[in-house]
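Here is a short briefing on one protein structure. Keep the sequence and the 3D view open as you read.

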Amino acid sequence: MRRLHERVLGPTKIGIPTQTSDIWLLGTCYKISADGCSAEAEATGNILAEFTHDISSRILVTYRKGFDAIGDSKLTSDVGWGCMVRSSQMLIAQALLCHQFGRSWRRTSVEPQDQDYITILHLFGDSEASPFSIHNLLLAGKAYGLAAGSWVGPYAMCRSWETLVRSKREETVPELCPFPMALYVVSGDENGERGGAPVVCIEDVHRSVEFSKGQVDWTPIILLVPLVLGLDKVNPRYIPSLQATFTFPQSLGILGGKPGASTYIVGVQDDNAFYLDPHEVQQVVNISKDDLEADSSSYHSNVIRHIPLESIDPSLAIGFYCRDKDDFDEFCSLASKLAEESNGAPLFTVAHSHQNTFVSSCDAYQEDDDADDGHGGDEWQLL
């Protein structure tokens, strides 16, 4: 399995590339001093230890073997094909951690473990009984080409999550819903068919958070932004914007990797991307939501992995989590400023409605007729 991993992702690069540059991890900055004195070296060591604790606290979801067969496929393992599904589960799990505990949460060895943490792990178990299992995701994504034994791209994965979340909300009374937030897939237009820079449509987001039927004014929301940023590799002009998304407090990272080998990218340092790797094969573990003494060690890793950001597949998806309306408004402001500073190559824009307007960094609306002119026709592909 290690040989397969290295053939696809390249030789494993472990550790922190440099101890002189700041690290951004899912909206949190780890500032590293370039001063070589002993006091600063000790401080840097403490910061890197905090960074390692942070990344190892993120939920890791990997290939599993020995679970119940998926539908009629007779497959009891997702080795070799399930990495995009696993990467997406990690991103959604991160959103749930932020929702339940806040971004500052860190895993501890204290037992019994927290009930809400165990409940989150249960959601991603490998059986039909777990709402967000690989079994249920493949069923929800059937219309988008998801099938046991077949690899899937980021756009289809995002749409599959949208379908699964909608079905869980519809079949469950609100207070028992396993997914206490809305999910919105950002696309180039209302049907997502024209390609180009996707648009976060504020009117659509407002409609997405109204599923609570008036019980609350605003519900938390996940924004998923599938992108194709080139042909064979990411066009270099998008790299600065990709790096900047990790500075957003709302950052959930990126579903990305190399062709046919998805990873969950959680941070950046200079031109390197830190990621959680789903390609390790582990025995199935289905954690009961009431088992506060369950062994959760297979859902975490303190191994730090990185790849050059420029080497990732141009087909990827970026995630963001907004806890409330103020959080969403801040995200819109940050995203609009990022688009303004993109030199005509925005990752995505923000609009009030499906018109050629966007929200500027000072919350004004203005015409952006040249928004698409910065994209060569050979750079963007239809999603």
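Two strands pair if DSSP finds at least two bridges between them. Strand β8 (residues 261–269) and β9 run antiparallel, with five bridges joining them. Remember that this is a predicted model.

- Strand β9 covers residues 272–276, and five of its five residues are buried, so the rest of the structure largely encloses it.
- In a regular strand, side chains alternate between the two faces of the sheet.
- On one side of β9 sit Asn 272, Phe 274 and Leu 276; on the other sit Ala 273 and Tyr 275. Both faces are covered.
- The hairpin of β8 and β9 has two residues between the strands, and Asp 270 takes a positive phi near 55 degrees there.
- Strand β11 (residues 305–308) also runs antiparallel to β9, joined by four bridges.
- Ala 273 has Val 268 opposite in β8 and Ile 307 opposite in β11.

**Helix α6**
- Helix α6 (residues 154–171) has 18 residues, which should span 26 Å at 1.5 Å a residue. Its end C-alpha atoms are 26 Å apart, so the two values agree.
- Buried residues of α6 include Tyr 155, Trp 161 and Leu 164.
- Among the elements covering the buried residues of α6 are α3, β4 (182–185) and β12 (315–322).

**Gln 113**
- Gln 113 lies in the loop between α3 (83–101) and α4 (115–123).
- Is Gln 113 buried or exposed? Its relative accessibility is 10%, and buried means under 20%, so Gln 113 counts as buried.
- A polar atom of the Gln 113 side chain lies 2.6 Å from the backbone oxygen of Ala 294.
- Gln 113 also touches other residues, including Ile 118, Leu 292 and Ser 296.

How values were computed
Residues numbered from 1 in each chain as written. Predicted model: local features only at pLDDT ≥ 70, side-chain atom pairs only at ≥ 80, totals over all residues. Heavy atoms only, no water. Buried < 20%, exposed > 50% of the residue type's maximum accessible area, 1.4 Å probe, protein only. Polar contact = N/O pair within 3.5 Å; in protein donor to acceptor, adjacent residues only side chain to side chain. Contact = heavy atoms within 4.5 Å. Expected span 1.5 Å × (residues − 1). Lists of a residue's contacts leave out its neighbours within four places in sequence.
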